[in-house]
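Please work through the exercises below with the sequence and the coordinates open beside you.

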Amino acid sequence: MQRNPYEVLGIDPNATDDQLKDAYKRLARKFQADEYKASPLSEIAKQKMRELDEAYDAIVQSRRTAQSGYGGQARQQAYSADYSYGGAQQSAYPDIRAKISANRIDDAETLLDGIPPNMRDAEWNYLKGFISQQRGWFDEAERYFTSACEMDPSNIEYASAFNRVRNNRTGGYRTARGRGRQNSRECSGCDVCSGLLCADCCCECMGGDCISCC
Amino acid sequence: MFGYVKAFHAELKMKDYDIYRGMYCSLCKTLGRRYGAGARMFLNYDLSFLALTLSAMADDCPGFVQKRCDFNPAKKCRIATRATPALDLAADACVALTYYKIKDTIADAGGKKKAAALFSLPLAGAAFHKAEKNNAVLTAKVKAYIEAQADVERERLASIDKAAEPSALLLAAVFSSGETDPAQKQVRERFGYCLGRWVYLIDACDDYFDDIKNNNYNPYALLFPKGTSPGQVREKMQGDLNQTAAEAALAFELLSLKRFEDIIENVVYDGLFHEAQTVLNRRFSDAEKPV
């Protein structure tokens, strides 16, 4: 089922190249892979991203052939790159990870619970947190991610899961993905000083002076 | 547990506000049409948000016409030009939930609250009976949720996740009903799950001090017994609410919305956050003294 690429991007076929690029960027922010890392919706987000990439490429391609000399840039790779944290990691539980990625959460948990308490390391906690997150048990998830980070502070994978939860708990999600228009520009002490300096420069150009010492 | 999921008006455009109000008035009208004028007092914002979201995902959605409010003739309101499955479902859910809430109030509360609940029980009971005929699947789901919630309370579970699960699962089922595409169904379920969890949690936060006083079940009261510093309790509550709203926002980004995206964005990104702030500020302003 191939959808009209313009429909995927939500723009008019007569949109300018800039509008096309803006629409692509706006949608790409929505589906960023790393945001969905521990979410059960990660596959759907990836699928949406793929559709978006294909639609964008199709439009750029058709416009290139329609008018030679089109100077459009290929989409930014940063958005479509699949994030992999810290390269290939040596996992102590490859079979459990395989079950999780196959969406067999209950099986994975049974295997995890079968590991004796004295052998539960940082990765065990991380995987437990991952499963809780998938289920929507965010309170447990936070506790497991915290333990994973405490046991192995140097691991990037655990740290990124932990930081995402931390950020969400303090309300950081509201400015993610280009949302949250409410962050008004505040006027800080620096802004006042730099404004005055600018005014001074302008005055000096015109022969006057607003701050006499500089 | 009603009236927490609201738009943040300061950030809402006027044209969106008109639609938002219109959906509220249309649900009121639908309640009247399906369950009689008395049932219109069960109207609330949570269910009008359900109607709005379901309408946003539906294939078509009617426009609004301007009429006068039946209760306040000086006020004009916008009414949907015809009945829709979204509005009907929201009205059915509204009646079913209110009925159980009233029964719950009679069992738990005392004084004026109980008297008011007793007074409205016959009306709610009759409406619920009608809802069972209109939408037996939905009322069965609501019944299952009430029973699961009662189990949680009987066992006095200290886990926040498990305490919130029944209402989360109920909204997951309600939001995803009728969707055939498996991927979209999963997104809708997640959205409903997070929203239901959020509603349960904010209700628990709102009732925290009362429940401690009356020794009622509340997962936060078990976690933070009498004497915990209010700052610590508040930080935990705020974190839990935000974390849940953040996951709802992630699911929202993947919803296939055909219209009203700005309004739903406003509710999910700003409305939930500000409502949580409002509730916590209200409850904790005079609680700087230890509990």
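The exercises that follow concern a predicted model, and each one is followed by a worked solution.

**Exercise 1.** Describe the secondary structure and the domains of chain A.

*Solution.* First count the elements: chain A has 10 helices and zero strands, so that its pattern along the sequence is written α-α-α-α-α-α-α-α-α-α. Next place the domains, for which the assignment gives domain 1 at residues 5-80 and domain 2 at residues 94-173 of chain A; the C-alpha centres of these two domains are 32 Å apart. Finally consider the packing: of the 214 residues in chain A, 28% are buried, and among contacts in chain A with a separation of 6 or more, 46% join residues 24 or more positions apart.

**Exercise 2.** Work out which elements of chain B touch chain A, and what classes of residue they present.

*Solution.* Start with the contact itself, to which chain B gives 27 residues and chain A gives 28 residues. On the side of chain B, the elements that give two or more residues are helix H6 (160-176), helix H7 (182-214), helix H9 (230-254) and helix H10 (261-285). Of these, H9(B) gives the most, with 12 residues. Sorted by class, the side of chain B that touches chain A holds 13 nonpolar, five polar and nine charged residues.

Terms used
Residues are numbered from 1 along each chain as its sequence is written. Chains are lettered from A and ligands numbered from 1 in the order in which they are written. This is a predicted model: local features need pLDDT of at least 70, side-chain atom pairs count only at pLDDT 80 or more; totals for chains, interfaces and linings use all residues. Domain bounds come from an automatic or database domain assignment. Two residues are in contact if their C-beta atoms, placed from the backbone, lie within 7 Å. Helices (H or I, at least four residues) and strands (E, at least two) are DSSP runs, numbered from the N terminus. Ala, Val, Leu, Ile, Met, Phe, Trp, Tyr, Cys and Pro count as nonpolar, Asp, Glu, Lys and Arg as charged, and the others, Gly among them, as polar. A residue is buried if 20 or more other C-beta atoms lie within 10 Å of its own, exposed if 12 or fewer, and partly exposed in between; C-beta atoms are placed from the backbone.
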